[in-house]
Amino acid sequence: MASEDLFKKITAHAKEYGFIFPSSEIYDGLGAVYDYAQNGVELKNNIKNYWWDAMVKMNEEIVGLDSAIFMHPTVWKASGHLSAFNDPLIDNKDSKKRYRADVLIEDFRAKIEAKIDKEITKAKKRFGDSFDEEQFRATNQRVLANQKKIDELNKRFVAALESNDLEELKQIILDYDITDPVSGSRNWTDVRQFNLMFETKLGSVSEGANSIYLRPETAQGIFVNYLNVQKTGRMKLPFGIAQIGKAFRNEIVARQFIFRMREFEQMEMQFFVKPGEEMKWYEHWKETRIKWHKALGLGDEKYRFHDHDKLAHYANAAADIEFQFPFGFKELEGIHSRTDFDLSSHEKESGKKIRYYDNEAGESYVPYVVETSIGLDRMFLAVLSAAYSEETIKKDDGSTDSRVVLRIPPQLAPVKAAVLPLVRKDGLPEKAREIMNSLKFDFNCQYDEKDSIGKRYRRHDAIGTPFCLTIDHQTLEDNTVTLRYRDSMKQDRVPVDRLSEIIDGLVNFKNLLKKL
Ligand code: GAP
């Protein structure tokens, strides 16, 4: 299936099956803002729990925090967000569309990379097992010419980003003949900086009221609480503080569904270390985080690391974990070595000492920080897009049928078991309710008696329910039910007394956490 079609189908499926709705839909929605529906909120909570348990429950040296969204405005001066949290934007005068200049250039570069990949795929097919990719890249004239183009472009692009040279960014767009993706026009405005923070006023009267900002990252709530947590928790370096919460950015180009939103959620962990040890911990957290992702079984080949071309103002090393979304490999999580930038800046702006007294070394210093930062909504989209599957099923009579199934990792599935009386009579609903009432303390179950059993199975395949339990006349005789597995569609006859153990075996977070 073409990746664009797949993405459209996933977006439509998310709405039709109660995962995600556009915000304020009766008023035609609000750009890049979404609501999580009845199944979406369950999936989202399960992802949060997996992250929280992996961070806080599994690591004695990591504790949690839930800081406020509103913070003192000087926080954003200290963090550099007021002066440097900008995107370079450019408008097309003909289409009246607004773009991020850096994204236009990156997309152009990706097109040249795709040409090289195409040549390699073609050659691989032609030469079979004897194909040597390295040699091909070093000798094929078309590949060499395109690689040269990429290298030259990169050199100018990185230099322009590093020096914040907006004129040069525009010049690159003109020199490489980059056109408006919608209209094909080359009629561009100059490039301008655009601050991404949402501003509002504190107090009931706007006159004389202070400007405050909706936080653009949760990390600063952790930095300003570093001393409080360290002292009250008697924490020793290295230690971490983990937080899940909302963040807000006035994104210029807000598209691709929940990939880039204006209101979103982050799961961030700041790990405080002794200066000089940060690179060791940076490597440690890169490895730990990729393990967390791969344990879910969405496919190891769907992840890759990408080192940053341009380091943020606070970092001395940074890498993204990219995921293969239907629209290509894109950033899912960032791992950043943030030096002592944030704590030192807060020390300077607040006039308060923010240090750590190292008993062994007999000195105090500002700790260095390694951060892991993942977008919860992007993680949701990663799970949804890897799970979506359209399948053709061969029936016993030789005919075929089709189903859409979400192969969500069972631990994350919104509903763990569907409880289905075969018919709405003969005491079957009552027996089903009895089973439901015993399971609901441990698992999120759903009772469903409407429509044929086949239709109910399909409905639960479509929301990713790992187990369907069918209660029939035999159940009343021998206290067994038919248990149907979502992925294999296999059916087993099992005693009611064993249901809890069987469901738990597949959905318990323990299985995931033990892999880390
Ligand atoms: N504290 C560091 C920080 O905020 P970031 O790379 O700007 O770093 C971290 O953001 C993660 O937050 C990203 O990897 C992404 O998953 C998520 N994220 C950032 N902007 C987002 C947006 N507009 N919509 C959804 N998720 C976003």
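Student: Why is S67 called buried?

Tutor: Buried means under 20% relative accessible area, exposed means over 50%, and partly exposed is in between (1.4 Å probe, protein chains only). S67 has a relative accessible area of 11%, so it counts as buried. Before we go on: this is a predicted model, where local features need pLDDT of at least 70, side-chain atom pairs count only at pLDDT 80 or more, and totals for chains, interfaces and linings use all residues. Residues are numbered from 1 along each chain as its sequence is written, and side-chain values use heavy atoms, with hydrogens and water left out.

Student: Where is S67 found, and what is it in contact with?

Tutor: S67 is in the loop between β3 (62–65) and α3 (74–78). Those labels come from DSSP runs numbered from the N terminus: helices are H or I with at least four residues, strands are E with at least two. Contact means heavy atoms within 4.5 Å. If you leave aside neighbours within four places in sequence, S67 is in contact with R215, G221, N225 and Q243.

Student: How many helices and strands does the chain have, and how much of it is buried?

Tutor: There are 18 helices and 23 strands. Of the 516 residues, 49% count as buried. Also, among contacts between residues at least 6 apart in sequence, 65% join residues at least 24 apart.

Student: What makes β4 and β5 a pair?

Tutor: Two strands pair if DSSP finds at least two bridges between them. Strand β4 (residues 86–91) and β5 have three bridges, in the antiparallel sense, so they pass the test. In this pairing, L89 stands opposite R100 in β5.

Student: Which strands make up their sheet, and which are at the edges?

Tutor: It's an open sheet of three strands, ordered β5-β4-β6, with antiparallel pairing. The edge strands are β5 (98–100) and β6 (192–195), as each pairs on one side only. On average, neighbouring strands of this sheet are turned by 45 degrees against each other, direction ignored. Helix α5 (residues 101–127) lies across β4 and β5 and runs at about 70 degrees to β5. For such angles, axes are lines fitted to C-alpha atoms, for helices over the stretch in contact, and angles run from 0 to 180 degrees between N-to-C directions.

Student: How do you know that β17 and β18 pair?

Tutor: Count bridges again: strand β17 (residues 388–394) and strand β18 (residues 400–406) have seven, antiparallel. The cut-off is at least two, so they pair. Y388 stands opposite L406 in β18. Their hairpin has five residues between the strands, and G398 there takes a positive phi near 95 degrees.

Student: What makes β21 mostly covered?

Tutor: Five of the five residues of strand β21 (residues 467–471) are buried. F467, L469 and I471 point one way, C468 and T470 the other way, and all are buried. In a regular strand the side chains alternate between the two faces of the sheet.

Student: Which strands does β21 pair with, and in which sense?

Tutor: Strand β19 (residues 417–421) pairs with β21 in the parallel sense over five bridges, while strand β22 (residues 480–485) runs antiparallel to β21, joined by four bridges. F467 has a partner in both: A417 is its bridge partner, and Y485 in β22 stands opposite F467.

Student: Why are β20 and β23 called edge strands?

Tutor: The open sheet of five strands has the order β20-β19-β21-β22-β23, with mixed pairing. β20 (445–447) and β23 (491–495) each have a single partner strand, so one side of each is left without a neighbour in the sheet. Neighbouring strands here are turned by 25 degrees against each other on average, direction ignored. α14 packs on the sheet, touching β19, β20, β21 and β22, and its direction makes about 165 degrees with that of β20.

Student: Why is L439 called buried?

Tutor: Its relative accessible area is 4%, so L439 is buried. L439 lies in helix α14 (residues 428–439). Beyond its neighbours within four places in sequence, L439 is in contact with C445, L469, L499, S500 and I503. L439 and L499 are 60 residues apart in sequence but 8.3 Å apart in space, C-alpha to C-alpha.
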